[in-house]
Amino acid sequence: WRSGGSCASHARCRLVWRPQPMPRPHASLCAMKAALLLLVAPVAMAAWPPGYVKRSFHQTPKGFLHYVVHGDVAHTPPFVFFHGHPRSTEMFHDLALHLPPSQPFIAVDYFGAGHSDECLCNETADEFVTYNQFAVWVLDICADVGAMKIVPFGALTGGSPAIELAGLAAEKGLVERLILFESYYLKQKAKQYVDNIYIPTIRHMPKYQNGSHLLDAWFRPDCGPLGPTSQVPAVEDLDRNEIKTIDWLLNTRNQYYYTISQRGAQWCTRRTGWQFKMAWTAYNDDIIPRFKQLSAKGVKMLFLYAEYADALGNKYGLDHDWSEAHINAAVPEELRKISRVKNGTEGALEQNSTLVARFVKEFMTWQQDDDVMV
């Protein structure tokens, strides 16, 4: 029912019917319950505790970037968090709370994710903001908030802009360490698959009247603690997965908005989170040269791997083992520390945040003569 007010009087209501795809077999009452929960969740939920971070926006020619800051970034080198797709800065909530309270951080939402603007890009020309340019603006943010040195920290897809930021910062003597969780260097076949098959499936994903798209988002394993294989999740995982689901919907679903331009006023639909993936594959060939540059500068690097996620990468063509071997060949052993989360998934930063925080704390005090493997 669509109503201009109360439905107490049927004269003020009218039934609107639009043809929709037939419900999928699993999407019934559960999907409708999920729909009701998610309708209120974006308003009611926020991952960061009140007052824990300061929220700001950085203006760019392609729109405003949203970022959060915690702690004294001028006194201690902050972590600079880059989320994966389709997530937001809030994917680092659990990890941040398990780090020492004195550890500051900056976390930035890519265009079309979290609270950042949609990219002011020409979609018909497949335009997107490259990680090279994104890293320049993030470095500007670091300077604006007074960070003297930084520790880039990238998760999944966000590993690549973290690598680029580290490269830019190393040229200015602003970085000594880099942390990456499940960062990939793609072989050509995998890159072609992401470009030609995967990305088209996440551009302007439809909404369904029966709410099945909400249930689908709930079970997506992308960067989240729950997926099709999660049978008995912890209670905390449900809250984390709800944030993941909201992030997924914000990144991928059509959003209608009203715009006024020289062509007049009109309703438009656009959600540009898919451009994050385009930027990911476009940056792929820069990864190994940047690793070699960082190695030449003596930058220490922590590589965090989740074993179950790695197994899936090998199974479905991303070829984690190939990626890790090529990265190891570019980064000398004395600069490389590797920590693995046994049975860890893409959501390990949330599900295993205590363990990951320990790995990170050990790395921040690691010297080159310590053990390389954890």
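This is a predicted model: local features need pLDDT of at least 70, side-chain atom pairs count only at pLDDT 80 or more; totals for chains, interfaces and linings use all residues.

Trainee: Which residue of β12 is the bridge partner of Y305?

Mentor: The partner of Y305 is R340, which lies in β12. On its other pairing, β11 runs parallel to β8, to which five bridges join it, and there L180 stands opposite F303 of β11.

Trainee: What holds such strands together in general, and in what order do the strands of this open sheet follow one another?

Mentor: Strands of a sheet pair through backbone hydrogen bonds, and the pairing is either parallel or antiparallel. Here the open sheet has eight strands in the order β3-β4-β6-β5-β7-β8-β11-β12, and the pairing is mixed. The edges are taken by β3 (54–60) and β12 (336–341), and because each of these has a single partner strand, one side of each is left without a neighbour in the sheet. Averaged over the sheet and with direction ignored, neighbouring strands are turned by 20 degrees against each other.

Trainee: How do β3 and β4 run relative to each other, parallel or antiparallel?

Mentor: They run antiparallel, with seven bridges joining them, and they form a hairpin in which two residues lie between the strands. Within this pair, H58 has L65 of β4 as its bridge partner.

Trainee: Having placed the strands, I would like to read how they are covered; how many residues of β4 are buried?

Mentor: Seven of the eight residues of β4 are buried, so that strand is mostly covered by the cut-off of under 20% relative accessible area. For β11 the count is seven of seven, and the cover lies on both faces, with K300, L302, L304 and A306 buried on one side and M301, F303 and Y305 buried on the other.

Trainee: Which helix lies across β11, and at what angle does it run?

Mentor: Helix α9, residues 287–296, lies across β8 (177–181) and β11, and its direction makes about 135 degrees with that of β11.

Trainee: Now for a helix that has buried residues of its own: how should I read the pattern along α11?

Mentor: The general idea is that an α-helix has 3.6 residues a turn, so residues three or four places apart point the same way. In α11 (residues 320–330) the buried residues are H320, S323, E324, I327, N328 and A330. Seen down the helix axis, these residues fall within an arc of 160 degrees, so they line one face of α11. What they pack against is α9, β11, α10 (307–315) and β12.

Trainee: Where are the cysteines joined by a disulfide, and are those cysteines buried or exposed?

Mentor: A search of the whole structure finds one disulfide, and it joins C119 to C121 with an S to S distance of 1.7 Å. Both C119 and C121 are buried. Another cysteine, C142, has 1% relative accessibility and therefore counts as buried.

Trainee: For contrast, why does S102 count as exposed?

Mentor: S102 has 58% relative accessibility, and because the cut-off for exposed is over 50%, it is classed as exposed. Its place is in the loop between α2 (93–98) and β6 (105–108). S102 and V73 are 29 residues apart in sequence, while their C-alpha atoms are 9.8 Å apart in space.

Trainee: Finally, what does the chain look like in its totals?

Mentor: The chain contains 13 helices and 12 strands, and buried residues make up 52% of its 374 residues. Its accessible surface comes to about 17700 Å², of which carbon and sulfur atoms account for 56%. Of the contacts between residues at least 6 apart in sequence, 76% join residues at least 24 apart.

Definitions and conventions:
Residues are numbered from 1 along each chain as its sequence is written. Side-chain values use heavy atoms; hydrogens and water are left out. Two strands pair if DSSP finds at least two bridges between them. Helices (H or I, at least four residues) and strands (E, at least two) are DSSP runs, numbered from the N terminus. Axes are lines fitted to C-alpha atoms, for helices over the stretch in contact, and angles run from 0 to 180 degrees between N-to-C directions. Contact means heavy atoms within 4.5 Å. A disulfide is a pair of cysteine sulfur atoms within 2.5 Å. Buried means under 20% relative accessible area, exposed over 50%, partly exposed in between (1.4 Å probe, protein chains only). Accessible areas come from the Shrake-Rupley method with a 1.4 Å probe; for residues, only the protein chains shown count as cover. The arc is that of the directions from the helix axis to the C-beta atoms.
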